[in-house]
Amino acid sequence: MQTRKKYIFLTFLASWLLLFFFGREQLRRFAFFPRRNVAARRSWPRWADRALLHSFAEPRELQGSGDTAQPSPRARRAAQLSTSQGSRCRMESCFDASRCQNGFKVFTYPREHGEPMSESYSKILASIERSRYYTPRPEEACLFVLSIDTLDRDPLSAHYIRSVEQRIRSFPLWNSGRNHLIFNLYAGTWPNYTEELGFDIGHAMLAKASFHSKNFRPGFDVSIPLFPREHPQRGGQSGWLHHNSVPPKKKYLLVFKGKRYLTGIGSGTRNALHHIHNGRDIVSLTTCRHGKDWERHKDMRCDQDNVDYEKFDYQELLHNSTFCIVPRGRRLGSFRFLEALQAACIPVLLSDGWELPFSEAIDWGKAAVVGSERLLLQIPSAIRCIRPERVLAFQQQTQFLWDAYFSSVDKIVHTTLEIIRDRLLPHRSRSRILWNALPGGLLALPDFSTHLGDFPFYYLQHGSSPSDKFTALLWAAPQLGSLSQSTLKLIQAVSKSQYCAQILVLWSCEKPPPPSAMWPQTAVPLTIIQGRTKLSDRFFPYAAIGTDAVLSLDEHTSLSTSEVDFAFVVWRSFPERIVGFSAWSHFWDPEQKRWGYTSRWTNKLSIVLTTAAFYHRYYHSLFTEYLPAGLRELVDSLTACEDILMNLLVAAVTKLPPIKVTQWKQHKEAASQLVKDTAAGSTRRFSQQQDCLNQLVDWFGSMPLVSSQLRLDPVLFKDQVSVLRKKYRYLEKP
């Protein structure tokens with residue numbers, strides 16, 4: 001009996017040991033086993049790839065109270081902010097949105113006589129006052145900008161303005177900084193270069209360069225780029241990448257040429273840059289020769305570094321390198337960032353913690369390589385792994401971003417304002433796609449639409465096409481208040497088009513329009529809109545326009561139905577451009593040192609008159625809402641200036657020329673006769689148009705018009721074949 005009990009005990013013990021060593025995971029489920037790490041192990045669901053699903057929440061995490069939950073990354077970032085008055089500000093807590101109920105308007109404080117101001121800050125204020133949001137009346141303003149120069153807050157700088165806090169507290173509109181925007185390029189001073197501004201900003205927003213992410217208030221502040229004093233007010237130089245000058249492989253892969261800080265903040269990264277220099281496809285050059293006491297701190301490498309530094313030209317390196325290192329300096333940002341963007345040299349950013357410019361809107365992952373200062377030695381091997389087609393995509397994106405947001409002070413300031421405006425109207429804000437695709441957020445107005453398919457630029461990308469009908473908008477301003485025979489013929493010819501949806505007549509005459517019995521009978525609706533005598537009314541976004549395409553007409557225009565049909569078919573293939581019949585070309589007059597234009601029949605064209613042209617209805621919104629009121633007033637004061645402005649606007653948006661289509665010889669002769677009949681006033685008219693062109697170019701900052709030598713004709717047009725074989729057989733007079 002005792003032996004039997006012993007065998008039973010040994011068998012039980014052996015079974016227990018086997019279960020312990022080979023099945024302890026199952027044994028841990030029993031209550032009498034210690035329940036260690038139960039929360040870290042799930043019994044259900046039992047996924048085969050369970051090790052890959054660590055992102056799923058545990059039942060206790062889902063059922064637990066909010067007090068035990070881990071804070072979000074944004075909450076952790078907010079907790080790290082300093083304890084100043086506005087450190088935790090957000091739009092909902094520190095911005096009075098009720099002031100913006102009548103629209104987003106920006107007021108700049110009046111400039112005090114004798115107030116010192118840097119050239120850069122003068123440009124910023126001028127950019128605001130040139131924008132469509134500027135108002136000279138503080139009572140209708142939503143946002144306020146100080147006239148005190150706050151760009152340079154380094155006490156050692158000659159541009160440092162003292163006693164800022166005492167002065168702003170005395171302003172009646174200050175209100176602890178609510179609804180105020182403060183611009184800053186330089187903060188802090190030697191040796192630590194902290195981001196202190198030297199005054200309490202209260203509840204004001206910061207538009208600041210070299211922003212550190214731990215001090216950046218998401219959804220409230222705006223990170224802007226550091227730009228030099230000579231940065232252009234408007235226009236700006238174009239990028240260096242051209243469609244016909246892209247080499248398959250540049251001479252250098254990665255370059256850097258700049259200062260080497262021997263001591264202090266920022267010295268660690270720049271002192272280590274020599275480790276990746278190989279003198280062949282990677283060129284990293286630094287110099288110690290800067291500052292007053294560099295010789296006192298120089299090391300054994302300085303003399304040789306200074307010699308090597310002079311062997312290469314900085315501009316030559318920018319032009320001939322695929323990637324450019326953009327390391328931190330004393331502060332996180334540098335001028336090198338914008339220089340690399342313009343040169344289509346892909347920025348390799350080595351500035352840990354830098355909140356990149358306009359990061360709220362711009363996807364920098366498509367245009368820059370964000371590296372780590374601690375992993376500098378891995379940068380060469382990392383960029384060598386980037387495929388050539390990806391490199392080209394990066395380069396193209398740098399050019400888009402440079403031209404859209406960074407090439408001038410105007411664009412930097414206007415981008416800042418548009419980002420703030422989008423926050424106030426989230427239901428009518430731009431998507432990331434609109435910000436990061438041509439033509440960019442400044443030219444894709446969310447007031448028009450937030451849907452890609454409604455804009456003329458995204459049909460191909462969106463996989464759609466414009467509507468298959470058009471609206472004819474006829475501008476009529478008869479001197480005697482009666483309809484001419486040419487106007488009646490034009491209405492009848494347009495209404496017979498198979499693509500015409502409706503005809504709108506913009507009656508711009510002091511006398512009332514003729515009664516309905518005087519208008520021709522048409523197969524499509526004919527609507528009379530009572531307009532003013534202003535020429536800019538031609539491009540107002542009338543609610544009655546229900547089609548994508550607009551056929552803009554003048555009462556003196558002569559067109560046939562075949563011409564209208566063919567031009568519309570052409571426009572549907574190029575919906576972002578102006579497609580029309582009468583064309584001009586611009587030129588630079590070196591003797592007069594000004595721009596001119598000619599209406600002679602030549603082999604070049606850059607302007608298509610909107611007296612007979614198709615374009616997308618979006619350009620009416622852009623013309624009326626994007627352009628400042630002063631520019632529209634200029635148009636109203638100069639003859640035929642609205643034609644030129646619309647062409648400049650579309651060219652500035654698309655970077656493409658208009659398209660000319662064929663027309664009757666009879667139409668050409670009629671246009672020539674009209675010019676002869678009005679020869680008495682043609683000289684004054686021509687002079688006004690030349691003045692208009694130059695004033696508009698000055699506003700844009702550069703000449704946006706693009707020349708073309710293309711004219712589109714229908715197949716078999718003018719061919720000696722049977723008329724029955726021609727699709728547009730009535731285009732040519734039989």
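Is Cys345 buried or exposed? In this predicted model, Cys345 counts as buried because its relative accessibility is 0%, under the 20% limit for that class. Its bonded partner is Cys324, with the two sulfur atoms 2.0 Å apart. The torsion about this S-S bond is about 100°, and the disulfide is therefore right-handed. Distant parts of the chain are linked by the pair: Cys324 belongs to strand S10 (residues 321–327), whereas Cys345 lies in the loop between helix H12 (336–342) and strand S11 (346–350), 21 residues apart. Cys324, at 3% relative accessibility, also counts as buried.

The whole structure contains five disulfides. Counted along the chain, the bonded cysteines pair in the pattern 1-2, 3-4, 5-6, 7-8, 9-10. One of these links joins Cys100 to Cys142, with a sulfur separation of 1.7 Å. This link is right-handed, with 65° about the S-S bond. It connects the loop between helix H5 (91–94) and strand S1 (106–108), which holds Cys100, to the loop between H6 and strand S2 (143–145), which holds Cys142. Both cysteines are buried.

A further disulfide is formed by Cys641 and Cys692, whose sulfur atoms are 1.9 Å apart. The link is right-handed, with 80° about the S-S bond. Cys641 is in helix H22 (residues 641–654) and Cys692 in helix H24 (residues 679–700), 51 residues apart. Cys641 and Cys692 are both buried.

Buried residues of H6 include Tyr121, Ile124, Leu125 and Ile128.

Methods
Residues numbered from 1 in each chain as written. Predicted model: local features only at pLDDT ≥ 70, side-chain atom pairs only at ≥ 80, totals over all residues. Heavy atoms only, no water. Buried < 20%, exposed > 50% of the residue type's maximum accessible area, 1.4 Å probe, protein only. Helix = DSSP H or I, 4+ residues; strand = E, 2+ residues; numbered from the N terminus. Disulfide = S-S within 2.5 Å.
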